[in-house]
Amino acid sequence: MKIINELKMTIDSKSVNESFSRVAVSAFASCLDPTVEELTDIRTAVSEAVTNCIVHGYKQSFGKIYITVSICENRLVRIKIRDKGCGIEDISKAMTPLFTTAGGERAGLGFAVMESFTDKVKVSSAPGKGTTVTLYKHVGGKE
């Protein structure tokens with residue numbers, strides 16, 4: 001996969017940074033002239049991934065969230081969102097719709113939302129080491 005352009009940024013795991021991250025990622029991806037729907041999909045998926053870092057990765061603490069957006073050949077946008085938080089013990093269980101470790105008003109739909117708004121979602125994690133979510137989205141705007 002050939003990378004044409006790339007953006008790397010680091011944000012604090014504070015909820016006020018969630019909206020900035022989704023806007024920054026979608027603005028960077030706009031160079032491919034995506035449709036409004038494609039940009040909305042990207043923003044929604046990024047929002048869910050960053051929120052997972054804040055709510056689940058760092059729980060009651062704060063840390064850094066590392067975001068890399070790659071514009072690749074064939075109009076592919078690859079977005080890596082990584083934390084160095086608590087990690088996920090059982091990834092397949094965590095990706096099951098309605099499963100949540102946060103309780104309360106959390107619906108447990110974060111990964112399901114990411115999957116429905118992107119072409120592919122990859123998750124790697126290790127307990128105590130953090131989690132990386134990689135989102136892949138092809139955009140079909142003008143060449």
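In what order do the elements of the protein chain run from the N terminus on? Colour the chain by secondary structure and follow it along: the order is β-α-α-β-β-α-α-β-β. That comes to four helices and five strands. Keep in mind throughout that this is a predicted model.

Stay with the whole chain for a moment. Of its 143 residues, 46% are buried. Taking contacts in the protein chain between residues at least 6 apart in sequence, 66% join residues at least 24 apart.

Next, select residues 16-29, helix H1, together with residues 36-57, helix H2. Two packed helices are described by the angle between their axes and the distance between the axes. Here the angle is about 145 degrees, and the axes of H1 and H2 lie 8 Å apart. The crossing of the two is right-handed.

Show side chains at this contact. From H1, pick Glu-18, Ser-21, Arg-22, Val-25, Ser-26 and Ala-29. From H2, pick Leu-39, Ile-42, Arg-43, Val-46, Ser-47, Val-50, Thr-51 and Ile-54. By class, the residues of the contact of H1 with H2 are seven nonpolar, four polar and three charged.

Now turn to the rings. Select Phe-62 and Lys-14: the lysine lies over the face of the Phe-62 ring, 5.8 Å from the ring centre. Then select Tyr-66 and Arg-82, where the arginine lies over the face of Tyr-66 at 4.4 Å from the ring centre. How many aromatic pairs does the structure hold? The count is zero.

Definitions and conventions:
Residues numbered from 1 in each chain as written. Predicted model: local features only at pLDDT ≥ 70, side-chain atom pairs only at ≥ 80, totals over all residues. Heavy atoms only, no water. Axes fitted to C-alpha atoms, helices over the stretch in contact; angles between N-to-C directions. Left-handed = near helix turned anticlockwise from the far one by under 90°. Contact = heavy atoms within 4.5 Å. Nonpolar A, V, L, I, M, F, W, Y, C, P; charged D, E, K, R; others polar. Phe/Tyr/Trp six-rings, centres within 6.5 Å; stacked < 30°, edge-to-face > 60°. Lys NZ or Arg CZ within 6 Å of the ring centre and 35° of its normal. Buried < 20%, exposed > 50% of the residue type's maximum accessible area, 1.4 Å probe, protein only.
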